[in-house]
Amino acid sequence: MATIDDLSRELGGLRGRRVLVRSDLNVPVDGGTIIDDGRIRAGVPTIRQLADQGTRVVVTAHLGRPDGSPDLDYSLAPVAERLGELLGAEVAFATDSLGESAQATVDSLQDGRVALLENVRFNAGETSKDAAVRGEVADRLATLAEAFVSDGFGVVHRKQASVYDVAQRLPAAMGQLVATEIGVLERLTQAPERPYVVVLGGAKVSDKLGVIDNLLGKADKLVIGGGMAYTFLAAQGYEVGNSLLEKDQLPTCRGYLNRAADQGVEFLLPTDVVITDRFAADAVAEVVRADQIPADRMGLDIGPESAQRFAAVLSDARTVFWNGPMGVFEFEAFASGTRAVAQALTELDGLSVVGGGDSAAAVRLLGFDETAFGHISTGGGASLEYLEGKTLPGIDVLDAGEETFGQRLLKTR
Ligand code: ADP
Ligand code: MG
């Protein structure tokens, strides 16, 4: 994949050039206040690298899931301000991403300065399944710049106009964040140091079951907690009460448990859980055996015995990938399991990778030093799909472009 340096060579330097950067700035925002700016910070190095070379940097990004039309609840305006603070230079904000404001903002951009376009998902074409409809959005984005840098790792698994189609219309390269993230994922998939342990949790159960299929042939141990665990506990015939449960996935889970046994992959499920009667911050917590959940209760965390077992397994590991909190860490009474796993990862003698938006947020919210982890990924869905062995359209398109890129380079010699 081409890098920004390759792009600079091809264009004969980047000073004064307009470069469109797709970043992932999809941070949690509450009433205009940014709750966790991790993804904005992760996007800064590439933007700064370009700006330092005198590039006119035009950033495009999305926030949340608006319905394809302008909705100020999903405005990137607060993100522009925070990005400016982090860069130490004001970021010009365009109030649309394809219209007059975008054009005027780009036209008046000085060398080495940065502009952010409003939420690209305010255009229904951005996420359309129809390539021709997406193409219209991509065409308009492409008129704003002379080159494209893909740095939104959290969206590279999406075939969307600002991720995929625009890369076919401009000389394209990957940014630093995409390069770093792909590098770490390659380390996980190509000869990971063993024991290699994967910890899965969180609430997006059906999204995450697919990865187990591929990991059963790769990881030495699988550790399951969080909302994920209850479908597996139910698959073993246990009552799980009102806990998260995906009934239609029970046969899949049974299949995984059988395959793990056949293949000698250790499969750890919680043996005790923290239950309560309602999903609330002040709910009263109680610890029970995993096979003793009353029908009118729900499990919101792994229990202390499970936390200790999981941590012990992690302390022997040389490579760990962790995706999904062990419990509802947002409520202090159900944060212990997630804290224990995070703590074990910080003590690991090897490579520890945290993937998933909420897992990364949990690490910060619980007060851990981010540098104590090997890598905190900005893309949960993207890293899971990579580990599932799927191709990521936003990466594929950069690889495919390389040929024409190389051919173009040859012509200049
Ligand atoms: P990530 O973003 O790290 O991939 P998910 O989005 O899948 O993780 O899930 C994160 C959410 O899962 C958190 O908001 C957390 O409260 C929730 N969660 C964890 N354990 C449970 C549980 N036992 N029951 C319900 N929700 C849970
Ligand atoms: Mg999440």
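**Exercise 1. Locate Lys204 and decide whether Lys204 is buried or exposed.**

Step 1. Lys204 sits in the loop that runs between strand 9 (196–200) and helix 7 (205–215). Helices (H or I, at least four residues) and strands (E, at least two) are DSSP runs, numbered from the N terminus.

Step 2. This is a predicted model, where local features need pLDDT of at least 70, side-chain atom pairs count only at pLDDT 80 or more, and totals for chains, interfaces and linings use all residues. Residues are numbered from 1 along each chain as its sequence is written, chains are lettered from A and ligands numbered from 1 in the order in which they are written, and side-chain values use heavy atoms, with hydrogens and water left out.

Step 3. Buried means under 20% relative accessible area, exposed over 50%, and partly exposed in between (1.4 Å probe, protein chains only). Lys204 counts as exposed because its relative accessibility is 55%.

Step 4. Gly226 is 22 residues from Lys204 in sequence, and the C-alpha to C-alpha distance is 9.9 Å.

**Exercise 2. Describe the surroundings of ligand 1.**

Step 1. Ligand 1 is surrounded by 21 residues, the closest being Ala203, Lys208, Glu330, Asp358 and Ser359. A residue counts here if one of its heavy atoms lies within 4 Å of the ligand.

Step 2. Sort the shell by class: 7 residues are nonpolar, 10 polar and 4 charged. Helix 12 gives the largest share, 3 residues.

Step 3. List backbone approaches to oxygen atoms of the ligand. A polar backbone atom of Ala203 is 2.9 Å from an oxygen atom of ligand 1. For Lys204, a backbone N or O atom lies 3.1 Å from an oxygen atom of ligand 1. For Gly357, the distance from a polar backbone atom is 3.4 Å.

Step 4. Alone, ligand 1 exposes 580 Å², of which the protein buries 90%. These areas come from the Shrake-Rupley method with a 1.4 Å probe.

**Exercise 3. Find the residues with the most contacts inside the largest nonpolar core.**

Step 1. A nonpolar core is a set of buried Ala, Val, Leu, Ile, Met, Phe, Trp, Tyr and Cys residues joined through side-chain atoms within 4.5 Å.

Step 2. The largest such core has 77 residues, and Leu141, Ile212, Ile224, Phe232 and Phe267 have the most contacts inside it. Helix 8 (residues 228–235) supplies the largest share, 7 residues.

Step 3. A separate second core of 29 residues includes Leu7, Ala51, Ala147 and Val149. Leu7 is also one of the buried residues of helix 1.

Definitions and conventions: Polar contact = N/O pair within 3.5 Å; in protein donor to acceptor, adjacent residues only side chain to side chain. Nonpolar A, V, L, I, M, F, W, Y, C, P; charged D, E, K, R; others polar.
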